[in-house]
Amino acid sequence: MKIAIDGPAAAGKTTLGKKLAQTLGFLFVPTGAMYRAAALAAHRGFRLEEIDITVTEAGKILLNGEDVTALLSSPELDELSSVLSADSQVRERLVALQRKIAEGRDVVMEGRDIGTVVLPGAELKIFLWATLEERAKRRQREQGGNFEEILEAIRRRDERDSTRACSPLKPAPDAVFLDTTNKTPEEVLEEVLKMVEERRARMGS
Ligand code: DC
């Protein structure tokens, strides 16, 4: 079974995806982290064809074999990855890597274009959403910093991720739209697990 989770920045995709994959025993693939690793590689002067990015069972991101997981969460890479992800050649390369990772196995994959482009045949597609203010609040709780600045940075990324020409952020027509603004991570997980059970029952019938 393949599960696609898409949605805007800081909507809780990674929190949900990790727990969901853990509960189901699936591989979790955070594609945002892959774009961040690609941005780190570009920053280090690598050419696109020199970049190999893999995701381990333990949730580590490897850039040409080096564990770069701890380096990927910074405001600089938030911005750099958002800019780089608008490049069609970068997307082509990462989408190919993502499809290869998902081939022949159960995955929970999160990103912006998973249900629309990477895994259009996914059995369950979730579009995870929360208001801009709520997402900024969550980011501030996680990382600290100035609320207005965080809000503005997320707003800028939303705008760029949704308006780029190549695979912009948008819900797949068959995605379930899930508003998490007033829900706890546990409530969201429970709701999605119910959807998984429903899909499984339907697939089995
Ligand atoms: O989810 P994130 O913030 O870690 O993603 C980093 C950037 O990568 C984000 O600005 C948009 C881009 N991205 C994308 O274009 N497609 C994906 N499937 C995942 C992320």
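Mentor: Contact here means heavy atoms within 4.5 Å. This is a predicted model, where local features need pLDDT of at least 70, side-chain atom pairs count only at pLDDT 80 or more, and totals for chains, interfaces and linings use all residues. Residues are numbered from 1 along each chain as its sequence is written, and side-chain values use heavy atoms, with hydrogens and water left out.

Trainee: Thanks! What covers the buried residues of α8?

Mentor: The cover includes β1, α1 (13-24), β7 (124-129) and β8 (176-179). Helices (H or I, at least four residues) and strands (E, at least two) are DSSP runs, numbered from the N terminus.

Trainee: Why is R139 called buried?

Mentor: Buried means under 20% relative accessible area, exposed over 50%, and partly exposed in between (1.4 Å probe, protein chains only). R139 has 17%, so R139 is buried. E142, at 56%, counts as exposed.

Trainee: What makes E142 and R139 a salt bridge?

Mentor: The rule asks for a side-chain nitrogen of Lys or Arg within 4 Å of a carboxyl oxygen of Asp or Glu. For E142 and R139, the closest N and O atoms are 3.4 Å apart, so the pair meets that rule.

Trainee: And E66 with R44, how far apart are N and O?

Mentor: That salt bridge has 3.0 Å from N to O. E66 lies in strand β5 (residues 66-67) and R44 in the loop between α2 (31-43) and β3 (53-55), so the pair ties together parts 22 residues apart in sequence.

Trainee: Why is E66 called partly exposed?

Mentor: Its relative accessibility is 36%, which lies between the two cut-offs.
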